[in-house]
Amino acid sequence: MVQPWRKQPAQVSVAFASFKATAEGAHRITTSPAFRYAKEPENPSKCSKARGSDLRVHYKNTRETAMAIRGKTLIAAKQHLGAVLERKRCIPFRRHVTHCGRTGQAKQENMPNGTGRWPVKSVEFILNLLKNAESNAEVKGLDVDNLVVEQIQVNRAMRQRRRTYRAHGRVNPYMSSPCHIELTLVEKDSAVKAEADDKPRKLSKKSLAIKLRSGSKSA
């Protein structure tokens, strides 16, 4: 039984969070948490974003797929993922390698131990997000050919619960591992060719001594 002279701190805090006293009277405050990306680009006008929440796709496979295309251009990333669907290239597994098979295609992805897979469902989800971000870039007037996957991140989502029935009347959990995916495409400036420099390069003392010992002329 709650004593009448005792205050309930939880109820008091909720009351103060829900109402605000003003000169006109008390009114209810409705606040919705704004979603923020993990990393904001330096120039927001030169980027496009896409994200998906609570996607029914396995976290570990999706994380490795995202790491395989990070830093690539949009065209190269789509070509890589398309080749994975055709089983011509693989996704190298670098972190979640427990019970992961080995394939010769992993050597093409600079994976010495050869661990790689073809996670079709993860590839399809990330391809859809890339197409979404590409459409957003076209709306903003960005050059699609110069877009680079600067940031892509996969986070674990709340696991969804099911059950599986075992022998002797037992029930075991049968959990899924969904994930959140967010990515940012940034338009990079086209590379400018450096002008030819005819000035003689200044050598260090060590390089000069090596040249003198070898008998070549000093620069």
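Buried residues are those with under 20% relative accessible area, exposed ones have over 50%, and partly exposed ones lie in between, with a 1.4 Å probe and protein chains only. The model is predicted, so local features need pLDDT of at least 70 and side-chain atom pairs count only at pLDDT 80 or more, whereas totals for chains, interfaces and linings use all residues. Residues are numbered from 1 along each chain as its sequence is written, and side-chain values use heavy atoms, leaving out hydrogens and water.

View 1. Helices (H or I, at least four residues) and strands (E, at least two) are DSSP runs numbered from the N terminus. Eight of the nine residues of strand E9 (residues 179-187) are buried, so the strand is largely enclosed by the rest of the structure.

**View 2. The sheet E3-E9-E6.** Two strands pair if DSSP finds at least two bridges between them. Three strands form an open sheet in the order E3-E9-E6, with antiparallel pairing; E3 and E6 stand at the edges, each with a single partner strand, so one side of each is left without a neighbour in the sheet. Seven bridges join E3 (residues 47-55) to E9, where Leu55 stands opposite Cys179. Nine bridges join E6 (residues 147-156) to E9, and in E9 the bridge partner of Val149 is Leu185, while Gln153 stands opposite Glu182.

**View 3. Helix H3 and its packing.** The buried residues of H3 (residues 74-85) are Leu74, Ala77, His80, Leu81, Ala83 and Val84. With contact meaning heavy atoms within 4.5 Å, these buried residues pack against helix H2 (59-69), strand E4 (91-92), helix H4 (120-139), E6 and E9.

Methods. Expected span 1.5 Å × (residues − 1).
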